[in-house]
Amino acid sequence: MSKIFVPPIKCQGIKTKLVPWILEIVRLTERQRWIEPFMGSGVVGFNCRPASAFFADKNPHLIRFYRAIQVGEITPTKARAFLEAEGERLRKDGQKYFKTVRMRFNETASPWDFLFLNRSCFNGLIRFNSRGGFNTPYNHKPERFDARYISKIANQIDYVQKAMSMKNWDFVCADFRDVIPRAQVGDVIYCDPPYLGRHVDYFDSWSEEDEHDMAALLAGTQARFLLSTWHSNQFRRNESLERHWGSFTMKTRQHFYHVGAKEENRNPMLEALVMNFEPLPAKNCAEHATLVEQLALLEKPRGYTLGTGELPISGPRP
Ligand SMILES: C[S@@+](CC[C@H](N)C(=O)[O-])C[C@H]1O[C@@H](n2cnc3c(N)ncnc32)[C@H](O)[C@@H]1O
């Protein structure tokens, strides 16, 4: 595929590196509507470039930000001017200024401040306390908004603005329970919820009940669905795969998550895509062929039951 577009907002669990794999499996056609109940940064759907799409998330700040681009409130030119001015203040006062903006954002919910904080906080983490206040710490880079970085963000806004202007895309703040039932025959639903038991956050938590409700809705949908989840890492495997998703098709691929700046914090994870359809065979390219061969043992068709001894687990299981 052509170059992957990286969106202007970062978030935990962002699927940028998995985009080619997901798009290869989904093969969206012009007539199919894309429904993404957990849009996060939007990287998957934006790269899919559907003619018609319903992007949703429970986090209102993400939706407000993309709507502001859609209605022309946030433009590349205005973003450049804003980040230059705010970046200068950050350069002068560092953490103190970051905290001023964070406090302001928690009072006004401005999409401009959301952009500033997202691009100057630790690891682009979007994290909220129990009262819904943004509380990710500063990344301690007072020079963050240099000319190159600002241009990069302005270009990212430009790309997404142009993409939206040519398509029929809706951005809605909603719980997935109100989104999945909207799907009809011919639609494609892509779900990428927070991973079970991994996050506890005001907008971004996930419980067994959530997983159960989502599984029931997806099992009953007439649309095609794809679900991103995790299969296993070196310590644990995802028990909910068997519990909720055993009757569907599953594909796996290894992925590295960065939890910190150090090399040793790169944690390999076997990612899974669960779907209610049989994907077309992968396109004939060498990289894909090798990968398919490597992962063949881990992939199971519809009706899969988790076995033992096939997972790259070295630590104790829960
Ligand atoms: C793993 S992130 C999605 C990442 C996204 N696929 C990307 O690549 O940027 C999960 C998202 O689910 C959202 N979320 C959490 N609980 C939700 C719920 N009950 N309904 C809708 N969205 C929810 C979070 O706000 C978060 O943006």
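Q: How many helices and strands are there in the chain?
A: Helices (H or I, at least four residues) and strands (E, at least two) are DSSP runs, numbered from the N terminus. The chain has 9 helices and 7 strands. This is a predicted model, in which local features need pLDDT of at least 70 and side-chain atom pairs count only at pLDDT 80 or more, while totals for chains, interfaces and linings use all residues. Residues are numbered from 1 along each chain as its sequence is written.

Q: How far apart are the end C-alpha atoms of helix α4?
A: The expected span of a helix is 1.5 Å times one less than its number of residues. Helix α4, residues 76–108, has 33 residues and would reach 48 Å if straight, but its end C-alpha atoms are only 22 Å apart.

Q: Where is the kink in α4 centred?
A: The bend at a residue is the angle between axes fitted to the seven residues ending there and the seven starting there. In α4 a kink of about 125° is centred on Asp93.

Q: Which residues of α4 are buried, and against what do they pack?
A: A residue is buried if 20 or more other C-beta atoms, placed from the backbone, lie within 10 Å of its own. An α-helix has 3.6 residues a turn, so residues three or four places apart point the same way. The buried residues of α4 include Ala79, Leu83, Glu86 and Leu90, as well as Tyr97, Val101 and Phe105. The buried residues of α4 pack against α5 (111–118) and α6 (147–165). Of the chain's 318 residues, 35% count as buried.

Terms used: Buried ≥ 20, exposed ≤ 12 C-beta atoms within 10 Å, placed from the backbone. Contact = placed C-beta atoms within 7 Å.
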